[in-house]
Amino acid sequence: MGLSRRGDAADMGQKTYQIMVRDTNKQFVCGEDEFVLEAMKRSGCGPVHYGCFGGGCGVCKMRVVLGKYRIEKKMSRRHVSEKEERDRIVLTCCIKPRDDLIIARV
Amino acid sequence: MGFKGTLRPGLVQLRVLDFDETLNFYKNILGLDEVCRTGDGRICLKGYDEFDHHSLTLRLADEAGLDFVAFKVGCPDELEKMKRDVEAFGYPVDTVEAESDQPGFGKRYGFTISTGHRFEIYSEVKLAEKGPMVKNPDIWTEPPRGMRAQRMDHFLLYGPNIAEAERFCKEVLGMFVPEVCNTPDGNRLAAWITSSNKPHDLAFVEYPQPGKIHHLGFYLQDWCDVGNAADWIALNHLKLDIGPTRHAITRGLSIYFWEPSGNRIEVYAGGYTAYPDNPQRVWDSDQLGRGLFYYSGEVVPSFLEIVT
């Protein structure tokens, strides 16, 4: 397992969460201070492409089926409308978990 | 004046999602200088080796992407003639008054081309206060920062009907087309277009959605600086797309990555010297992998598919 941006979440004493990808039935660990897409890339089990990691290109768009999360970076309105945001559709490069999550491809 | 029509792309306005990480990128990692801020909060920047007032304006918005690109024309008479030519080509033209939304810039004429992009033309712009030296000039006045970008260089635009856009650039903007890529049935897939000796001032790729930008390119001194840029990408955890590599198309030495708002940036050095009388280089679309990435010869899906 490679290091994430802030080092491995568990090693750094961060609280971690389990993220389940419903489409593949695979799970990965994500630190509380880690963007979900970064953890997904590190784990190698994501079903979406990895693009700009900046909230701009939209390729990591998914739905959070279950669990609390925080949007910590602005998501381009081109790719996530206000209604979609209310419907828990996110760019996974912009959210951090506050619970174990179940995420799915849209 | 050696060029006919436009001199170069001189101004781009980009939409960004924040002014924290993103502005830090443009100033301290890419190495541009902040010139000024507008009354409505946009930020104007330029490369250390650029003479004109500014070349990049960042606008805070809900989505990343391109507002417009503007080309500098040699003189006011040429500008007025070109405006009439744009109208004769069939594009309605609007006027942006001098010193209105872009500090330092004279009157601009704007219009939308077939690919859905807003183009502007202008001839007058103030020199920057902090431009390159001209009297017994040193190579720079302050050590360049970060990736040491010298200037804005070019952009790649995605949109529909690039055949018309290419014809417009030739017939109205006075540009020529050193290199193209065609599909097996003979249609344009991509065109590299210039008004100068640079292999491209802009390029188009045929794409169903209008008004998209693939990347904005900045010029570096040489291959060593492309490597230096790669170090800055890694150090700052920017998302790399491709490179360092060489293009066979344009022959540029290159690296692509995304800035923190998700606009793709290229930093680029070298490239062949283009002349309008040279034969056009022609690529078949099944050879595009080698054309784009000469070393690997493979097209990377993210490179072709992700635009803002």
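## Strand pairing around E5 of chain B

In this predicted model, strand E1 (residues 6-16) of chain B runs antiparallel to E5(B), and 8 bridges join the two. One of the pairs links Thr6(B) to its bridge partner in E5(B), Val73(B).

E5(B) also pairs with strand E8 (residues 118-122) of chain B, here in the parallel sense and over 4 bridges. In this pairing Lys72(B) stands opposite Tyr122(B) of E8(B). Strand E5 spans residues 65-73 of chain B and is mostly covered, with 7 of its 9 residues buried.

## Overall form of chain B

Chain B contains 6 helices and 17 strands. Its C-alpha atoms fill a box of roughly 50 × 50 × 45 Å along the principal axes. The radius of gyration of chain B is 18 Å, which agrees with a compact globule, because a globule of 308 residues would have a value near 19 Å.

Of the 308 residues of chain B, 48% count as buried. Among the contacts in chain B with a separation of 6 or more, 68% are between residues 24 or more positions apart.

The domain assignment divides chain B into domain 1 (6-122) and domain 2 (151-305). The centres of the two domains, taken over C-alpha atoms, are separated by 20 Å. Across the boundary, 33 residues of domain 1 of chain B are in contact with 34 residues of domain 2 of chain B.

On the domain 1 side, the elements of chain B that give two or more residues to this contact are E1, helix H1 (21-29), E5 and helix H2 (76-89). E1(B) provides the largest share, 7 residues.

## Contact between chains A and B

The contact between the chains takes 14 residues from chain A and 16 residues from chain B. The side of chain A that touches chain B has 4 nonpolar, 6 polar and 4 charged residues.

## Confidence of the prediction

For chain B, the average pLDDT is 96, and 99% of the residues score at least 70. The model as a whole scores ipTM 0.79 and pTM 0.92.

Notes. Residues are numbered from 1 along each chain as its sequence is written. Chains are lettered from A and ligands numbered from 1 in the order in which they are written. This is a predicted model: local features need pLDDT of at least 70, side-chain atom pairs count only at pLDDT 80 or more; totals for chains, interfaces and linings use all residues. A residue is buried if 20 or more other C-beta atoms lie within 10 Å of its own, exposed if 12 or fewer, and partly exposed in between; C-beta atoms are placed from the backbone. Two strands pair if DSSP finds at least two bridges between them. Two residues are in contact if their C-beta atoms, placed from the backbone, lie within 7 Å. Ala, Val, Leu, Ile, Met, Phe, Trp, Tyr, Cys and Pro count as nonpolar, Asp, Glu, Lys and Arg as charged, and the others, Gly among them, as polar. pLDDT is the predictor's confidence in each residue, from 0 to 100. The radius of gyration is taken over C-alpha atoms; the globule rule is 2.2 Å times the number of residues to the power 0.38. Domain bounds come from an automatic or database domain assignment.
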